[in-house]
Amino acid sequence: RLSARAAFRGGAGVVTLASDAATIHAFELESVETMTRVVNDPETTDFGSWLLKQNSLVVGPGLGRSHEAARLVQAALAARRPTVVDADALRLIAAGTAGLSVDGLRAHGALVLTPHPAEAADLLGKTTESVELDRFGAAEELAERSGAVVVLKGSRTIIAAPHSIPWVSSAGSPALATAGSGDVLGGIIAALLAEKSERTTLDSALVGVGLHALAGEAWSETHGDAGLLASEIADGVPAVRARLLATS
């Protein structure tokens, strides 16, 4: 729900949540704007064919870590659409479930991985402490191994891409350390990836991190450094984007 809301707030015109029937039923009771699709429904188009028609994807938030979840990650990656990989999808890749692997991501070409330090540690076979001791090194290593843009979340988020000097986000607020904040970031980046522009995958990640951080800053100017809800980050993005465009 948070990723879908954030994708809308990030500028996507149509957002679809694809999941199992029970999840879709619960979601439809709360959201009237978001399209839905039950995966593997025999009465609808083949799921793989449907994925190929999407401008961008987010895979991982709320997915679970079953073999069925791993199969959905495989299907999303096989579609070769611009894709944000987050949360449970990162854990499944780290665990090697159903043949998923970090090195196997290199063939994709348009991925953004958005791990927090513990997820990055799992992906690299390291400890969370070692990742935190060398955040630049961890982000760069993961980018080189996966061939993806890596957004290593945390205080002063690092954005790394293969064969590129990493970027550091100087914006943000302690209030962003709230449950679901990362799901919102994934939705924002996916919305930017879906835009038909000359923006690269790295550019989309950089802009997404910036919008997310500045929305947190804007909220903190009024409310302080605690109490922010993740959905409020998403809802703050349009005003931040409009302000930036007005001054560009």
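This is a predicted model: local features need pLDDT of at least 70, side-chain atom pairs count only at pLDDT 80 or more; totals for chains, interfaces and linings use all residues.

User: Which residues of α5 are buried?
Analyst: Ala 87, Asp 88, Ala 89, Leu 90, Leu 92 and Ile 93.

User: And what covers them?
Analyst: The cover includes two helices, α4 and α6 (117-124). It also includes the strands β3 (57-59), β4 (83-85) and β5.

User: Is Ala 98 buried, exposed or partly exposed?
Analyst: Ala 98 has a relative accessible area of 34%. Buried needs under 20% and exposed needs over 50%, so Ala 98 is partly exposed.

User: What is the phi of His 163?
Analyst: Positive, about 55 degrees, and His 163 is not a glycine. You'll find His 163 in the loop between β7 (158-160) and β8 (167-168). Its relative accessibility is 72%, so His 163 counts as exposed.

User: New topic. How many residues are in the largest nonpolar core?
Analyst: There are 38. Val 85 and Leu 113 have the most contacts inside it.

User: Which helix gives the most to it?
Analyst: Helix α4, residues 67-78. It contributes seven residues to this core.

User: What about a second core?
Analyst: That one is separate and has 15 residues. Among them are Ala 6, Ala 175, Leu 228 and Val 240.

User: Helix pairs now. How do α1 and α9 cross?
Analyst: At roughly 40 degrees, with axes that come within 7 Å. α1 covers residues 2-9 and α9 covers 181-194. Roughly parallel would need an angle under 35 degrees, so α1 and α9 are oblique to each other. Their crossing is right-handed.

User: Which residues meet there?
Analyst: From α1, Leu 2, Ser 3, Ala 6 and Ala 7. From α9, Asp 183, Val 184, Gly 187, Ile 188 and Ala 191. By class, this contact has six nonpolar residues, two polar and one charged. Ala 6 is also in the second core.

User: How far apart are Arg 9 and Gly 187?
Analyst: They are 8.7 Å apart in space, C-alpha to C-alpha. In sequence they are 178 residues apart.

User: And α9 with α10, what's the angle?
Analyst: About 135 degrees, with the axes 8 Å apart. Roughly antiparallel would need over 145, so α9 is oblique to α10. This crossing is right-handed. Helix α10 spans residues 201-223.

User: Who makes that contact?
Analyst: On the α9 side, Ser 181, Val 184, Leu 185, Ile 188, Ile 189, Leu 192 and Leu 193. On the α10 side, Thr 201, Ser 204, Ala 205, Val 207, Gly 208, Val 209, Leu 211 and His 212. The contact has 10 nonpolar residues, five polar and no charged ones.

User: How far is Arg 243 from Ile 188?
Analyst: 17 Å between C-alpha atoms, and 55 residues in sequence. Arg 243 is in helix α11, residues 230-247. At 43% relative accessibility, Arg 243 counts as partly exposed.

User: Last one. What is Thr 16 in contact with?
Analyst: Apart from neighbours within four places in sequence, Thr 34, Met 35, Thr 36, Arg 37 and Trp 50. Thr 16 is in strand β1, residues 16-19. Its relative accessibility is 30%, which counts as partly exposed.

Notes: Residues are numbered from 1 along each chain as its sequence is written. Side-chain values use heavy atoms; hydrogens and water are left out. A nonpolar core is a set of buried Ala, Val, Leu, Ile, Met, Phe, Trp, Tyr and Cys residues joined through side-chain atoms within 4.5 Å. Buried means under 20% relative accessible area, exposed over 50%, partly exposed in between (1.4 Å probe, protein chains only). Helices (H or I, at least four residues) and strands (E, at least two) are DSSP runs, numbered from the N terminus. Axes are lines fitted to C-alpha atoms, for helices over the stretch in contact, and angles run from 0 to 180 degrees between N-to-C directions. Angles under 35 degrees count as roughly parallel, over 145 as roughly antiparallel, 65 to 115 as roughly perpendicular and the rest as oblique. A crossing is left-handed if the near helix is turned anticlockwise from the far one by less than a right angle, and right-handed if clockwise. Contact means heavy atoms within 4.5 Å. Ala, Val, Leu, Ile, Met, Phe, Trp, Tyr, Cys and Pro count as nonpolar, Asp, Glu, Lys and Arg as charged, and the others, Gly among them, as polar.
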